Amino acid sequence: MKLLEDRIRRDGVVKEGNVLKVDRFLNHQMDIELFQEIGKEFKRRFANENVNKILTIEASGIGIACIAAESFHVPVVFAKKTQTKNIAGEVYTTQVESFTHGRIYDIIVSKEFLGKGDRVLLIDDFLANGKALEGLAQLVQDSGAELVGAGVVIEKGFQRGGDAIRAKGIHLESLAIVESMNDKTGEIVFREQ
Ligand code: 5GP
């Protein structure tokens with residue numbers, strides 16, 4: 001998506017440790033007009049999938065998922081991160097290893113909001129090692145709902161997540177795929193799509 005790639009080149013900052021900072025427009029300050037274009041693009045790419053629910057993960061996936069949901073006319077459910085150990089049987093839960101914080105946490109979704117008959121699209125801001133999306137996919141599977149695909153705004157193609165998600169047969173659409181980035185020069189190279 002050219003508009004997005006141009007914006008990443010303009011406002012993205014390459015940090016040490018394979019981190020791309022995009023908090024000027026994506027996950028701290030949020031450019032809602034850009035989000036609307038992103039939402040329409042997800043809708044175009046998953047137009048025939050009869051999505052009836054979008055699932056994301058707190059916190060940084062929520063904004064983009066909500067704007068995308070306006071194009072799909074469906075509700076958004078976000079998985080909550082929790083440290084509560086004694087969770088009753090009212091939730092689906094799995095563990096996710098955080099890329100940015102390097103620790104493992106539990107994510108939960110209430111059984112009330114996900115289940116058989118749902119056709120679920122996963123949405124997230126970033127795809128790095130794929131742990132967040134794998135965790136969400138696990139919750140969908142546990143609930144008996146159908147996973148129709150995953151849409152991410154930025155995939156870091158040099159990390160393993162994209163290949164791992166595609167190898168599971170999940171229909172993955174990444175609006176910008178970073179092939180390489182250099183924290184010394186700031187150069188960002190995108191994969192031709
Ligand atoms: P994964 O589970 O695919 O390894 O990482 C995905 C999550 O980590 C995303 O939800 C995102 O919040 C965060 N993340 C991963 N890589 C980056 C990055 O380069 N920049 C930012 N801002 N967040 C990232």
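Q: By class, which residues does the shell around the ligand have?
A: The shell has seven nonpolar, six polar and four charged residues. Here Ala, Val, Leu, Ile, Met, Phe, Trp, Tyr, Cys and Pro count as nonpolar, Asp, Glu, Lys and Arg as charged, and the others, Gly among them, as polar.

Q: Before we go on, what kind of model is this?
A: This is a predicted model, in which local features need pLDDT of at least 70 and side-chain atom pairs count only at pLDDT 80 or more, while totals for chains, interfaces and linings use all residues. Residues are numbered from 1 along each chain as its sequence is written, and side-chain values use heavy atoms, with hydrogens and water left out.

Q: Which residues come nearest to the ligand?
A: Of the 17 residues around the ligand, those are A128, N129, G130, A132 and K156. A residue counts as near if one of its heavy atoms lies within 4 Å of the molecule.

Q: What is 2.8 Å from a ligand oxygen?
A: A polar backbone atom of A128. A128 itself is found in the loop between β7 and α4. A polar contact here is a pair of N or O atoms within 3.5 Å.

Q: And which side chains have an N or O atom close to a ligand atom?
A: An N or O atom in the side chain of D124 is 3.0 Å from an oxygen atom of the ligand. For N27, a side-chain N or O atom is 3.3 Å from a nitrogen atom of the ligand.

Q: How much of the ligand does the protein bury?
A: The protein buries 89% of the 510 Å² that the ligand exposes when taken alone. These areas come from the Shrake-Rupley method with a 1.4 Å probe.

Q: Which elements give two or more residues to that shell?
A: They are β2 (19-21), β7 (119-127) and α4 (131-143). β7 gives the most, with four residues. Helices (H or I, at least four residues) and strands (E, at least two) are DSSP runs, numbered from the N terminus.

Q: What does UniProt list as "binding site"?
A: An unreviewed UniProt entry lists L20, N27 and K156. The unreviewed record also places this feature at A128, N129, G130, K131 and A132. Such annotations may be inferred rather than shown by experiment.

Q: Changing topic, which peptide bond is cis?
A: The bond from E58 to A59 is cis, with omega near 0°. A59 lies in the loop between β3 (53-57) and α3 (60-72).

Q: What about the phi of N18?
A: N18 has a positive phi of about 60° although it is not a glycine. Most residues other than glycine have a negative phi, and most peptide bonds are trans.

Note on methods. Polar contact = N/O pair within 3.5 Å; in protein donor to acceptor, adjacent residues only side chain to side chain.
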